[in-house]
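Subject: Structure handover

Hi there,

Here is the structure I promised to pass on to you.

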Amino acid sequence: MPANKDVQTNVGEGSVMQSNEVQSNVGDIDEVIHGRLRLGIMAYLSAVNPASFPELLAKTGSSNGNLSTHLSKLEAAGYVRQEKGYAGKRPQTLVHLTVPGRRAWITYLEAMKELLGS
Amino acid sequence: MTNQQTLDDLNYATALAKSGSEAPLVGGPVGLMWGILISVTLLAHWGIVSGTLAIEPQYLWALWIGFSALGGFGSAILGKKIATKPGVQSMANRVEHAVWSMFTLMLACLWVGIVISMLLGMGSVALFDLVPIVGFAGQGLAYGVTAKISHHKWLAWASGAAFLASMMCLPAFGQPVLYLIAAIATVFTVVVPSLKTIGFEHASQ
């Protein structure tokens with residue numbers, strides 16, 4: 001779990017993480033979400049659900065391929081659902097935040113709040 | 001990943017979440033189209049029933065059927081454009097869409113009910129005067145709900161103006177002047193709020 005390790009190490013450098021409670025919160029950090037772009041996707045979808053693929057592209061400032069890759073990872077975890085369809089005659093992909101995805105997002109935010117002590 | 005990077009990423013996520021939750025209302029163009037159409041139609045209705053326009057009152061049916069057809073067509077065209085706008089699925093936009101859809105359904109039910117009453121010989125043409133009165137009250141409700149969800153306080157003023165218009169129309173029930181009052185009030189309760197919504201949307205881009 002590289003993401004978890006990184007956070008655990010660095011938080012340790014800053015604030016000397018000693019309590020078991022905090023350490024267990026580090027374990028709560030969902031590595032599927034914990035990445036800049038995936039974090040951004042989840043954050044935006046928590047407010048705008050569903051969002052179209054071009055909308056996510058514009059909001060996250062990501063490239064087409066990069067966004068697709070990260071959406072696939074979130075979809076594999078069951079956090080988002082991609083719906084291929086048409087808007088008029090144009091193909092359109094809508095990305096939905098799923099119920100487990102919203103739950104995971106809230107858990108992630110709680111864990112990060114605990115971890116960063118805010 | 002350092003703590004600073006983690007914080008930066010969280011700030012980035014927060015900014016994205018905010019941009020979504022603060023997405024502007026996107027229904028302005030549809031509101032503006034309906035506002036202009038309703039004002040013109042109500043004015044024409046007043047012109048016909050008051051005798052200002054040399055048109056027989058039996059053509060009121062054609063006027064309102066034309067209104068419905070034009071409004072439906074315009075909504076379909078503008079709706080397609082709106083559907084692709086960023087933030088269209090934000091909570092505020094979904095609520096706005098839902099309340100105005102229910103508003104339209106409410107007025108359609110009222111209208112059909114009046115037509116049925118008339119077909120059964122139990123109603124009079126004056127019953128149609130209920131449509132603008134109930135319509136303004138419905139607008140007040142729709143704006144009020146949207147104001148609460150979107151945190152746009154000025155929409156609460158639009159809500160108050162619509163409730164006031166409903167009250168002002170009621171004493172004119174059964175008189176041609178009702179439609180003149182309704183036409184003028186629509187400018188303030190639909191056209192102006194829609195222009196303001198469009199202005200906010202453009203400012204946020």
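This is a predicted model: local features need pLDDT of at least 70, side-chain atom pairs count only at pLDDT 80 or more; totals for chains, interfaces and linings use all residues.

**Chain B as a whole**

Chain B is built from seven helices and zero strands, so its pattern along the sequence is simply α-α-α-α-α-α-α. Along the principal axes, the C-alpha atoms of this chain fill a box of roughly 80 × 30 × 30 Å.

**How its helices pack**

Start with H2(B), residues 28-50, and H7(B), residues 177-203: their axes come within 8 Å and cross at roughly 165 degrees. An angle over 145 degrees counts as roughly antiparallel, and the two helices are therefore roughly antiparallel to each other. Their crossing is left-handed. Sorted by type, the residues of this contact come out as 17 nonpolar, eight polar and one charged.

H2(B) also packs against H3(B), residues 60-82, at an angle of about 175 degrees and with the axes 9 Å apart. This pair, too, is therefore roughly antiparallel. On the H2(B) side the contact includes B:Trp34, B:Leu37, B:Ile38 and B:His45, while H3(B) contributes residues including B:Trp64, B:Phe67, B:Gly71, B:Gly72 and B:Gly74. Here the division is 17 nonpolar, six polar and no charged residues.

From H5(B), the residues B:Pro132, B:Ile133, B:Phe136, B:Gln139 and B:Tyr143 take part; among their partners in H7(B) are B:Tyr179, B:Ala182, B:Thr186 and B:Pro193. By type, this contact holds 10 nonpolar, three polar and no charged residues.

**Where the chains meet**

Across the interface, 25 residues of chain A are in contact with 24 residues of chain B. Together the chains bury about 2,000 Å², of which 64% is on carbon and sulfur atoms.

How many salt bridges cross between chain A and chain B? The rule finds one, out of three in the structure over all chains. In the bridge between the chains, the side chains of A:Arg36 and B:Asp9 meet at 2.9 Å, N to O. A:Arg36 lies in helix H3 of chain A and B:Asp9 in helix H1 (residues 3-21) of chain B, so this pair joins two chains.

**Two backbone details**

If you run geometry checks, here is some background for what comes next. Most residues other than glycine have a negative phi, and most peptide bonds are trans.

In chain A, the peptide bond from A:Asn49 to A:Pro50 is cis, with omega near 5 degrees. A:Pro50 sits in the loop between helix H3 (36-47) and strand E1 (51-52) of that chain.

In chain B, the residue to look at is B:His151, whose phi is near 65 degrees, a positive value in a residue other than glycine. B:His151 belongs to the loop that links helix H5 (130-150) to helix H6 (153-169) of chain B.

Best wishes

Technical notes:
Residues are numbered from 1 along each chain as its sequence is written. Chains are lettered from A and ligands numbered from 1 in the order in which they are written. Side-chain values use heavy atoms; hydrogens and water are left out. Axes are lines fitted to C-alpha atoms, for helices over the stretch in contact, and angles run from 0 to 180 degrees between N-to-C directions. Helices (H or I, at least four residues) and strands (E, at least two) are DSSP runs, numbered from the N terminus. Angles under 35 degrees count as roughly parallel, over 145 as roughly antiparallel, 65 to 115 as roughly perpendicular and the rest as oblique. A crossing is left-handed if the near helix is turned anticlockwise from the far one by less than a right angle, and right-handed if clockwise. Ala, Val, Leu, Ile, Met, Phe, Trp, Tyr, Cys and Pro count as nonpolar, Asp, Glu, Lys and Arg as charged, and the others, Gly among them, as polar. Contact means heavy atoms within 4.5 Å. Buried area is the accessible area (1.4 Å probe) that two parts lose on being put together, summed over both. A salt bridge is a side-chain nitrogen of Lys or Arg within 4 Å of a carboxyl oxygen of Asp or Glu.
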